[in-house]
Amino acid sequence: MAAQVHHCDICIVGSGAVGKAAALGFAQAGLRVALLCRSTAPTPVSASWDVRVFALNHVANKLLSSLKVWDALDLTRVAPVTEMQVKGGNAASDGQIGFDAYGARTDELAWIVEDRNLNHALDTAMKFAQHLALVAGQAKQLQWHDDSASILLEDGSSIRASLVVGADGSQSWVRGQCDIGLDYRSYGHQGVVTNFECEKPHHGVAHQWFVEELGIIALLPLPGHRVSLVWSAPDALAATLMREPLSALVARLEEYCLDKLGHLTPVLPEEIKAFPLTLMRPHSMIAPRVALIGDAAHVVHPLAGHGMNLGFGDVASLLELVKNREDHRDCGDARVLERYRRARKEEVLLMQMTTDGLAHLFGSTLAPLRLARNVGLNLLNRLPVIKNKLISHAMGSK
């Protein structure tokens with residue numbers, strides 16, 4: 001019996017939110033799409049609060065709205081961010097800067113969305129998408145042909161497509177098959193995440209503290225009197241935070257947020273997770289018949305919460321370029337892929353340089369740098385034109 005061959009226009013490898021959004025977008029554009037994933041089981045619904053959250057900007061909102069996914073979210077679990085307060089520490093002399101939606105001429109700066117909520121909405125939307133097939137399997141080999149590429153699976157079947165999209169995360173199998181070089185650096189930090197109930201209303205304000213010895217502490221608004229912690233902590237401290245009871249973590253946090261949020265209480269059921277922080281720069285986002293998106297294409301420091309937004313920006317750009325290609329070009333045409341590479345190069349590089357530079361600047365214990373940093377933050381806070389340009393860029397506005 002001959003091995004089964006799935007024929008499609010685009011094969012997407014990876015079943016995270018970025019890969020699902022890409023699959024949905026291409027399918028809605030009338031292209032035949034195969035989404036290769038380990039399992040086709042939908043994301044389970046849970047009443048508990050997911051500790052993994054994303055600060056989605058206006059680019060992500062626009063893309064998800066165009067895919068009819070935004071309204072499929074459980075919007076009672078989505079919190080708008082109307083203000084951001086950033087401080088260089090906890091002393092009165094430390095620099096600080098604030099951004100607000102009014103100054104940026106918008107209703108929201110961003111939206112805090114749980115990973116589980118986002119993936120469940122994407123799963124729901126994919127059920128109604130024509131031309132979209134979910135293929136459960138383990139990829140074994142990527143092969144190239146004159147007019148297509150094939151992914152061979154462990155069970156002997158294969159997927160043949162004009163374009164293969166690698167959306168399979170920072171350890172991308174697709175990227176590895178293409179032999180694309182990679183610059184990698186560990187920050188020596190872990191992202192520690194959990195959720196709390198706060199005594200005082202947060203009023204939609206996101207707080208962030210840069211503390212040299214402790215890393216970067218962020219408390220993001222969730223619906224009701226809840227906040228989500230994202231603490232970029234040095235490895236040794238992160239190990240301590242994961243080992244200590246959450247009551248000890250509360251005591252550490254209240255040193256910074258007690259006056260703003262009041263006492264904190266862990267959200268039940270108590271849950272805390274940690275993940276390593278790295279900078280990854282693949283040498284290319286494209287290869288013959290291949291485009292990389294999301295963490296397969298770039299991994300940045302999470303201090304600005306823009307990893308997912310960059311991924312959705314990749315999807316929006318690739319989707320537009322494939323839809324608007326000339327009639328004589330197929331989805332994986334080299335000219336189309338080169339346009340994608342050029343379209344994403346500047347934004348990705350700018351975000352990599354910005355987040356990496358800020359992580360080093362705020363992590364420095366050198367007194368001259370600390371002084372310059374504090375003066376710079378305070379000065380920038382008094383320059384509304386420049387400040388609003390910065391926040392507009394972070395929001396994804398042109």
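In this predicted model, the side chains of Asp123 and Lys20 meet in a salt bridge, with 2.8 Å from N to O. Asp123 belongs to helix H3, whereas Lys20 belongs to helix H1 (residues 17-28), so the contact ties together parts of the chain that are 103 residues apart in sequence. Both Asp123 and Lys20 are buried.

The count of salt bridges comes to 17. Side chains of opposite charge can pair when their charged atoms come close. Arg160 sits in strand E11 (residues 158-166). Asp147 sits in the loop between strand E9 (139-144) and strand E10 (149-153). The pair therefore ties together parts that are 13 residues apart in sequence. Arg160 is partly exposed, with a relative accessible area of 30%. Asp147 is also partly exposed, with a value of 47%.

Arg252 forms a salt bridge with Glu244. The closest N and O atoms of Arg252 and Glu244 are 3.0 Å apart. Arg252 counts as partly exposed because its relative accessibility is 28%. Glu244 counts as partly exposed at 24%. Salt bridges also link four residues into a network: Glu326, Arg329, Asp333 and Arg339.

A charged side chain also meets an aromatic ring. Arg77 lies over the face of Trp49, at 4.0 Å from the ring centre.

Aromatic pairs number two. Trp70 and Trp111 form an edge-to-face pair. Their ring centres are 5.4 Å apart, and the angle between the planes is 75°. The edge-to-face label applies because the angle is over 60 degrees. Trp70 lies in the loop between helix H2 (58-66) and strand E4 (79-81). Trp111 lies in strand E7 (residues 110-114), so the pair ties together parts that are 41 residues apart in sequence. Both Trp70 and Trp111 are buried.

Trp209 and Tyr256 form a tilted pair. Here the centre-to-centre distance is 6.0 Å and the planes are at 55°. Trp209 is part of strand E13, and Tyr256 is part of helix H6 (residues 246-261). The pair therefore ties together parts that are 47 residues apart in sequence. Trp209 is buried, as is Tyr256.

Strand E13 also pairs with strand E14. The two strands run in the antiparallel sense over five bridges. Val211 has Gly215 in E14 as its bridge partner. A hairpin of three residues joins E13 to E14.

On from this hairpin, E14 pairs with strand E15 (residues 226-234). Seven bridges join E14 to E15, and the strands run antiparallel. Leu222 stands opposite Arg226 in E15. E14 and E15 form a hairpin with three residues between them. In that turn, Gly224 has a positive phi of about 70°. Eight of the eight residues of E14 (residues 215-222) are buried, so this strand is largely enclosed by the rest of the structure.

Several backbone features remain. Most residues other than glycine have a negative phi, and most peptide bonds are trans. His131 has a positive phi, near 65°, and is not a glycine. His131 is placed in the loop between helix H3 (115-127) and strand E8 (132-136). With a relative accessible area of 43%, His131 is partly exposed.

His203 likewise has a positive phi, of about 60°, although it is not a glycine. The loop that holds His203 runs between strand E12 (182-198) and strand E13 (205-211). His203 is exposed, because its relative accessible area of 62% is over 50%.

A cis peptide bond joins Leu268 and Pro269. Its omega is about -5°. Pro269 is located in the loop between strand E16 (264-266) and strand E17 (273-282).

Note on methods
Residues are numbered from 1 along each chain as its sequence is written. This is a predicted model: local features need pLDDT of at least 70, side-chain atom pairs count only at pLDDT 80 or more; totals for chains, interfaces and linings use all residues. Side-chain values use heavy atoms; hydrogens and water are left out. Helices (H or I, at least four residues) and strands (E, at least two) are DSSP runs, numbered from the N terminus. Buried means under 20% relative accessible area, exposed over 50%, partly exposed in between (1.4 Å probe, protein chains only). Rings of Phe, Tyr and Trp (its six-membered ring) pair if their centres lie within 6.5 Å; planes under 30 degrees apart count as stacked, over 60 as edge-to-face and the rest as tilted. A charge sits over a ring if NZ of Lys or CZ of Arg is within 6 Å of the ring centre and within 35 degrees of the ring normal. Two strands pair if DSSP finds at least two bridges between them.
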